[in-house]
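Hi there,

Here is the structure I promised to pass on to you. Have a look at it first, then read my notes below.

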Amino acid sequence: MATPILDLRNIVKAYEKQIAVNRVSFEVPRGSIFGLLGPNGAGKTSLIRIITTITRADEGEVFLDGEKLNSRHPEQIGYMPEERGLYRKMKVGAHLTYLARLKGLSARDAKDKIGAWFEKFGIQDWWDKKVEELSKGMQQKIQFITTVVHEPKLLILDEPFSGLDPVNTNLIKSEIHELRDKGVSIIFSTHRMEQVEEICEHIVLINRGENVLEGRVADVKDKFKENLFQVDYRGELPADLLSPVSVIEQQPERIVIQVQDERDSNAFLQQLLNRGVQVTAFNEILPTLNDIFIRQVSN
Amino acid sequence: MDKLWLIIKREYLTRVTRRSFILATLLTPLGFAVFFVVVGLIFQYESDEARKIAIIDEGGIFGNTIKDEENLYFKFESRSLETLRQQFDELEYDGVLVIPEIKDLLSQELTIYYYAKKQPTLDIESLIRSRVSNQLRDYKIEALQLDPQQLQALDTDIELEPEPIDDESEDATKLTGAIAAGIGGVMGVVMYIVVFIYGMMVMRSVMEEKTNRIVEVMISSVRPFQLMLGKIVGVGAVGLTQVAIWAILIPLVVFISTLVFGIDSDAQMEMAQQQPGGMNPEDTQAMVAMALEEFKNQNWWLIVPLFIFYFLGGYFLYASLFAAVGSAMGDDLGEGQSLTIPITIPVIIAFYIMIVAIEAPNSSLAVWSSIFPLFAPIVMPARLAFSPPVWEVVLSVVLVAATSVFFVWLSGRIYRVGILLYGKKITLKELGKWMFYSD
């Protein structure tokens, strides 16, 4: 088992009388896209600030790639905060170079790498523009480049798609995948569950400063599944076939049933086929992360 | 360390290359020059107006001779006042001066009359009065048969020569006070301006970074203290640059403009000399020479480094406080404005103390204020030209240095909490708590 890129152990962080993070532990597998989920105020930002060494945990330890978190690590981390801004009066090229050099790149390196990203995005003519001349979406693209230009091992993106139109959202998404394929580990923090489903492989759900749920997306869904199945068919269903199962929903040519045991679904399907029912679709309905989120958080 | 340097460079270059900075830096000396030239031209214009005045000397005290001035001509008239009044418009006189006969030689008052369409201007009035007064004096001396030489001996010019009582005391001249006041005053004003303009610049920059959220991006790469210190040093360098340019340009521009418009200074000198109680040319020149000598005699090797030290010490002290306050202000500017008051009050108080210290540099108020770190950067420089005791200067320097360092550190602790906190009600008490938050 490869060392996880990030290992949090019993992190505690309190502000005055409020406990923002209450003994949180989890691991982020190397080279994965990892979802850090939770409602507003759950403690996600506090955790992220601890991981990026902006603040220090009151208790607990953080390990980046097996090493205890130290002051050299920010150069290996790329962080895009939810609230992000730029110096409006600076020129884009100079600004990105400045930020890249603060991450430890040499001036030459910084210019070359930024230049490469500009070419990739087709935005070479933005180099001498002032930041305030760019639209919000354009600024977000710039910020993305800032986050990745120093080739960090670990990326932390906090609501990266907020404010982006669909085209740019797709662009960033494909960049994220490309980076993952190159071996970069990515922590994706959001409360937009539908985005998580599309992208993340692993998740952790934080609520009220605690780790309430963790694991691979598929496993989590599996854990919370309710053995629901949707059957699409043509014609009529013989009523007696429905007695061993619970009917959750019935529509013309579609029925949602719930079985006691997941293996019973096959038996049901078998029955349908034996009776000559024209089945057009047979799917397990897994809970959405949204449903799971709401359920966990409302408890 | 090189990150700190990167930040300093950026903070400096973005401000120094800004158009508003270049304009302000270059236009201010120009403004001085324009001021001098305009004032000079005004004086020059006044003296261009040629005036003719008729004198009816009823008592004959002038004996029909009077010296003309530049652009001011006198003519004795034997015609009567009535004649002149009737023919006034055809004659080209600006006015008719009537000096009545002297009835009482011992009287100390005399009213003379100036008939004209307009009131005499101040310069004419004072000229006429001094001329008539001087002439009348000579007339009375002769009429009373007094000995002019004996009369002159009555007035003795007293000069006070300061002498050191022992070898250690300072050998000053009477101009020391004036020069010292000048030096101290300039320093005080410069400090005052620097603290307000550049201290506020630091504060605004911190606030801007907070409101547009760039600070979140920055502190994932650098420590908050580095960001704060880099900003303070960068802005301070901008201030130094501007003051240095002014220190060179302003005297240069003033010098050039007085050369080009050379007539001005002459006219100004003449005007000054004709004021009652004004000095004659030789006195003025002697005074200027002595002032320059005094100026050179100041212990510049000591004063200049100390100036620079207090300049920097005072700046760091106050700028760091401004940074701390700036970090506490959120998007709501109004609330935070009141926090700047505790910072600006000591500066204002120090300025007023400095004015007092110039007159009484060794009074206890001056001494203690030049040692108290919040006032020292403004008060001590004013005392430097008066050669204060060495131990006072040393103590002051040590305290200012220590306090600056302490305040920078303290402000750093407030800054690192403030820049990440939004929406909380900001009071001084709140800021105090932040100092103790663990990192």
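**What I found**

Chain A is split by the domain assignment into domain 1 (6-222) and domain 2 (226-298); such bounds come from an automatic or database domain assignment. Before you go on: this is a predicted model, where local features need pLDDT of at least 70, side-chain atom pairs count only at pLDDT 80 or more, and totals for chains, interfaces and linings use all residues. Residues are numbered from 1 along each chain as its sequence is written, while chains are lettered from A and ligands numbered from 1 in the order in which they are written.

Back to chain A: the C-alpha centres of domain 1 and domain 2 lie 40 Å apart. Twelve residues of domain 1 of chain A are in contact with nine of domain 2 of chain A (contact: C-beta atoms, placed from the backbone, within 7 Å). On the domain 1 side, helix 6 (193-199) of chain A gives the largest share, four residues. Helices (H or I, at least four residues) and strands (E, at least two) are DSSP runs, numbered from the N terminus.

Now for chain B, which has 16 helices and four strands. Of its 439 residues, 29% count as buried (20 or more other C-beta atoms within 10 Å of a residue's own, again placed from the backbone).

And where do the chains touch? In chain B, 14 residues are in contact with 19 residues of chain A. Helix 1 (2-16) of chain B gives the most to that side of chain B, with four residues.

Notes:
Contact = placed C-beta atoms within 7 Å. Buried ≥ 20, exposed ≤ 12 C-beta atoms within 10 Å, placed from the backbone.
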